[in-house]
Amino acid sequence: MTTIAARLVARLAELGIEHLFGVPADYNLDFLDRVYASELAFVGTCNELGAAYAADGYARLRGAGALLTTFGVGELAAINGIGGSYAESVPVVEIVGAPSTRAAHAGLPMHHTMADGDFGRFERMHVEVTCDRVTLTAANAAAEMDRVLRACLHHKRPVRIALPCDLVDHPAPVPEEPLLAEACPPPEPPIEAFRARATALLAHASRPAVLADHLAERHGARGALADLVAAGPLPVAALNMGKGVVDESAPTFAGMYIGANSAPGTRATVEDADCLITVGVLITDANSGGFTHRFPADRTIEVAPHASRIGDTEYPGLPMTAALAVLTDIVAGGEYDAPPRLPVRVRPAFAPDEPLTQAALWDRFAAYVRPGDVVVAEQGTSFFGVIDTRMPAGVTVVGQVLWSSIGYTLPAALGTCVAAPDRRTLLAIGDGSFQLTAQELGTIARVGAAPVILVVNNGGYTIERAIHPTDAPYNDVAPWRYADLPAAFGAEHARTTRVTTPAELDIALEAADRDRDHLVLIEAVVAPEDYPGRLAAIAAKYRPAPTPAASERAPAAGAGTSSTLTA
């Protein structure tokens, strides 16, 4: 026998989780004592939302992450982060320290509750943002924690495990089998039927192409995807949620596909393919150019995490990696046109002492990224700047394209630093987003992490300015002295600077490259209404048509003009 707490910690270790983010509180303190006695390292964050974001960033590199909150107030502070992990298919385990079973059974009016005896309220609130959840009991703890953790890994989505404080040391059986059993082989009829249909479709193709997205990464299919692309070789494009899922340095890379907002060559590769293989694709407004994507419906092979589809026929129970292995075998025996090459990027020239622009900023950033880096980009001007950066091999890109919760990336960068201390984390974040979660700079400093943080200071919310121009000040933010903040948050040895020209940015980046042992924060000042090129083009489509002047408006019916002119 062991204890419930020890068993839960051991199961987290089986998932590859070595760190637990969170905030201590009375209902979870006994569990925290057991954590400190184990090999699971606790990383205390400034608040629970930061813990949720950090666990999400950690999970994107490690395959799973975990956070610890307290009942009610703590878990509701974290729930926005949990919602983001659910939307973006990130497996995160939230452990909630709960009131004692005696208090719950008696319906006592405990603190952190509504004092009405309802101790299930917060679990019900999590129904919509977790794939499974449980409040452990003395009788069910072992079986239920295993069931919920397996659901987390299978669905790649968050789960909630509430541990009453009086059950922390309650006896529980030592696991008799691994949490992660070996995967069963796919059923024969679907896989053979899938093989036959895919073979027939690819036999008539000369210009097949692959379109990849984030679910390929989440479900461990990155290697199988690379094998498929190499077997042709086939051109491969990626959606922006899947930025970095394919090797962008390879000649097979066809660019980022965003519907009508794609580069012409990328759009032609995807939309004119005579067989399009989509891998882990989830279409949303944000990654499809506002639903302007166009796939050849009768010539598309859709490979999803647990099923595949060709035309109107679905092949259930077929794991993504198994489907990709079948397609790789088929493609290896085919003869196809050589993949088109992306045009060679010509770096524009910028006067070194002119005011820094978005174009110059992202040109410098693109040249600065190195193989193996972790690039964390806020869903604002930063992601629009990063999206067109052709990443070197081995780069992981972390963003939140679908959920788009501003402020996510600073704590997420904490998570990536902890998850992969041997890799360099580069964080690009706007000033408005930075102000939401800036305090986690203190946590980054406390754990001894050394990311390079690029704060784009343009005085406010630039996406909103771009899509909804106004003279009103609601998109402005307080003018912080960003380069002074690391010291205030405890990073006294951080390297900080404020840059306003391309030359100053070059000097700052060169210095950061030489010093990998200290946190670096670069405040890059650009004009408020200067937008990355892709953002400017997209924003033009969102802007409402101007209201016509009174003299230009169509006259009211019956005002003496013909019905044709009125129409």
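I start with a definition: a residue is buried under 20% relative accessible area, exposed over 50%, and partly exposed in between, using a 1.4 Å probe and protein chains only. Helices (H or I, at least four residues) and strands (E, at least two) are DSSP runs, numbered from the N terminus.

Two remarks on the source. This is a predicted model, where local features need pLDDT of at least 70 and side-chain atom pairs count only at pLDDT 80 or more, while totals for chains, interfaces and linings use all residues. Residues are numbered from 1 along each chain as its sequence is written, and side-chain values use heavy atoms, with hydrogens and water left out.

Now the helix. How many residues of helix α13 are buried? Nine of the eleven are, so helix α13, residues 358-368, is mostly covered by our definition. Among the buried ones are Leu361, Trp362, Arg364 and Phe365. What covers them? Contact means heavy atoms within 4.5 Å. The cover of the buried α13 residues includes strands β16 (374-377), β18 (425-430), β19 (452-457) and β21 (520-525), and helices α14 (381-387) and α20 (502-514).

Next, the charged pairs. Side chains of opposite charge can pair when their charged atoms come close. A salt bridge here is a side-chain nitrogen of Lys or Arg within 4 Å of a carboxyl oxygen of Asp or Glu. The structure holds 35 of these salt bridges.

One of them joins Arg364 and Asp506, with the closest N and O atoms 2.8 Å apart. That pair links helix α13 to helix α20, across 142 residues. Arg364 is buried at 13% relative accessible area, whereas Asp506 is partly exposed at 24%.

Another salt bridge is between Asp513 and Arg370, at 3.0 Å between the closest N and O atoms. Asp513 lies in helix α20 and Arg370 in the loop between α13 and β16, so this pair ties together parts 143 residues apart in sequence. Asp513 is partly exposed at 25%, and Arg370 is partly exposed at 29%.

Last, the cysteines. A disulfide is a pair of cysteine sulfur atoms within 2.5 Å. By this rule there are zero disulfides. Cys46 is partly exposed at 42% relative accessibility, while Cys275 is buried at 0%.
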